[in-house]
Amino acid sequence: MRSEVITVQTGARPTVRDITAEAERFVSGQGDGLLHVFVPHATAGLAIIETGSGSDDDLLAALDDLLPTDDRWRHRHGSPGHGRDHVLPAFVPPYATLPVVDGRLALGTWQSVCLVDPNGDNPTRTVRFSFLPG
């Protein structure tokens, strides 16, 4: 298995960051197999969604509706409402496994691999790519 960790700057606001290009570079020339993507953070996740058409903003809005940033959370360190960020991985998992065919991600036409980070307290994230050849 081949593995690599990249660093992603997500900034000080909730964001959906497309990391498809980084994933494609990692699997380029690798043949057939599986790409496993993992975010080793308690307050971030991965989503396979369309980007650039508003879906990324819609996802953040849906997360705000589902997990509001108010004082209901028992986990209270960090910025107000930060406890909800610790619940996020139950809804947006910190991992995804994708097929790789002939060294290319086998994504649908409009699909992108996205890091979902609602936690503005931590503007730098790491992502581990692991390739398992077929």
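Modeller: One definition before we start: two strands count as paired if DSSP finds at least two bridges between them. Keep in mind as well that this is a predicted model. With that in place, strand 2 (residues 15–18) and strand 7 pair in the antiparallel sense over four bridges.

Biologist: Which residue in strand 7 is the bridge partner of Val16?

Modeller: Val16 has Val116 as its bridge partner in strand 7.

Biologist: And how many bridges join strand 4 to strand 7?

Modeller: Strand 4, residues 45–49, is joined to strand 7 by five bridges, and the two run antiparallel; within that pairing, Leu46 has Leu115 as its bridge partner in strand 7.

Biologist: Is strand 7 mostly covered or exposed?

Modeller: Strand 7 is mostly covered, with six of its six residues buried. Ser112, Cys114 and Val116 point one way, while Val113, Leu115 and Asp117 point the other way, and all are buried. In a regular strand the side chains alternate between the two faces of the sheet.

Biologist: What does Val37 touch?

Modeller: Not counting residues up to four places away in sequence, Val37 touches Ile19, Leu46, Pro94, Tyr95, Ala96, Leu98, Val127, Arg128 and Phe129.

Biologist: Switching topic, where is Val87 found, and what is it in contact with?

Modeller: Val87 is found in helix 3, residues 83–87, and, leaving aside its neighbours within four places in sequence, Val87 is in contact with Leu67 and Trp73.

Biologist: Why isn't Val87 counted as buried?

Modeller: Because its relative accessible area is 26%, and buried means under 20%, Val87 is classed as partly exposed.

Biologist: Last one: which residues form the nonpolar patch on the surface?

Modeller: Met1, Leu34 and Leu132 form that patch, with about 340 Å² of accessible area together. Of these, Leu132 is found in strand 8, residues 124–133, and is partly exposed, with a relative accessible area of 46%.

Technical notes: Residues are numbered from 1 along each chain as its sequence is written. This is a predicted model: local features need pLDDT of at least 70, side-chain atom pairs count only at pLDDT 80 or more; totals for chains, interfaces and linings use all residues. Side-chain values use heavy atoms; hydrogens and water are left out. Patches are made of residues with over 30% relative accessible area and no salt bridge: like charges are joined within 9 Å, nonpolar side chains (Val, Leu, Ile, Met, Phe, Trp, Tyr) within 5 Å. Accessible areas come from the Shrake-Rupley method with a 1.4 Å probe; for residues, only the protein chains shown count as cover. A salt bridge is a side-chain nitrogen of Lys or Arg within 4 Å of a carboxyl oxygen of Asp or Glu. Buried means under 20% relative accessible area, exposed over 50%, partly exposed in between (1.4 Å probe, protein chains only). Contact means heavy atoms within 4.5 Å.
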